[in-house]
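My entries follow in the order in which I checked them.

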Amino acid sequence: MCYGDQARSPAPPVQGPVGEHSDLVLTSADGTRVAAYHAHPADGSSKAIVVLPDVRGLHPFYKELARQFAEAGLHLVAIDYFGRTAGFGARDEDFPFREHVEKTEPAKITEDVGAAVAWLRQQAGVRSVFTVGFCFGGTQSWAQSAAGHGLAGCIGFYGGPQRIADLVPLMRVPLLMLAAGQDVTPVETVEAFAGQVRARGVPAEVHVFPDAPHSFFDRAFAEHRDACAEAWQRMLDFIDRHSRKD
């Protein structure tokens, strides 16, 4: 598990006013109703991002993170994975997430991401859409590079790239891979995967936080404050460089 109920997402370096933010229901390609949460910068933006949570689904951590991405100037939708098996409901400490994670299907997650991407593209002025994910969601975020959504980039924290090695030949979208040096997934595995992606002509950036553990992106960990700040800056720089400028 990445984030418990005490986790709090760290503040972004840019903090502008937040506009509308609330729960949302999306409809996936197969008709499934997908619980989600959206947030928007008060002054609008041409950039947007879909958040793919960890195994807990749409935990409160990700609703707070949604508002913080809006502060940083992006439209955002965070999705839940479990509409097909758990319906709607709180994803708190009592949610039996493991039994539902085992029932997820990558193709269905891709459909749910597609519904979020389509919704974001309906927002005024949006021209570039990204994904970002954490742990289970980090892996799924990188997988969207092969999904054909027309994304501008895919960002992932603490992912397990060995699980999606078969998708490398299909990847078309730049990756940002944020790796914790003390994570269970060896940094060498992340770097090797990035090398395979680059060999196919797709940009893949790896940034390692040597002393950071899994789920370090949490302001409850004062000792990782600098790593959190750097991670925010890495994400925002990546988004700026890969966003449409026309």
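How do the residues of the lining of the largest cavity divide into nonpolar, polar and charged? I noted 6 nonpolar, 2 polar and 1 charged, where Ala, Val, Leu, Ile, Met, Phe, Trp, Tyr, Cys and Pro count as nonpolar, Asp, Glu, Lys and Arg as charged, and the others, Gly among them, as polar.

Before going on, I recorded that this is a predicted model, in which local features need pLDDT of at least 70 and side-chain atom pairs count only at pLDDT 80 or more, while totals for chains, interfaces and linings use all residues. Residues are numbered from 1 along each chain as its sequence is written, and side-chain values use heavy atoms, with hydrogens and water left out.

**Cavity.** I found 1 cavity of 30 Å³ or more, and the largest cavity has a volume of about 40 Å³. A cavity is a set of points on a 1 Å grid over the protein atoms alone where a 1.4 Å probe fits but cannot get out, and lining residues have an atom within 4 Å of a point; a volume is the space filled by probe spheres set on the points, which are joined across faces, edges and corners. Among the lining residues I listed Trp142, Tyr158, Leu178, Asp183 and Val190, and the largest share, 3 residues, comes from E7.

**Helix H5.** Helices (H or I, at least four residues) and strands (E, at least two) are DSSP runs, numbered from the N terminus. I saw that H5 covers residues 187-199 and that its buried residues (under 20% relative accessible area, 1.4 Å probe, protein chains only) are Val187, Val190, Phe193, Ala194 and Val197. These fall within an arc of 130° seen down the axis of H5, so they line one face of the helix; the arc is that of the directions from the helix axis to the C-beta atoms. The buried residues pack against strand E7 (175-180) and strand E8 (204-209), with contact meaning heavy atoms within 4.5 Å. On the other side of H5, I noted Glu188 and Ala199 as exposed, that is, over 50%.

**Threonine 131.** I placed threonine 131 in strand E5 (residues 128-134) and found it buried, with a relative accessible area of 0%. Not counting residues up to four places away in sequence, threonine 131 touches several residues, including Ile49, Val113, Ser141 and Cys154.

Terms used
Expected span 1.5 Å × (residues − 1). 1 Å grid on protein atoms, 1.4 Å probe; cavity = no way out; pocket = protein on both sides within 12 Å on 5 of 7 lines; lining within 4 Å.
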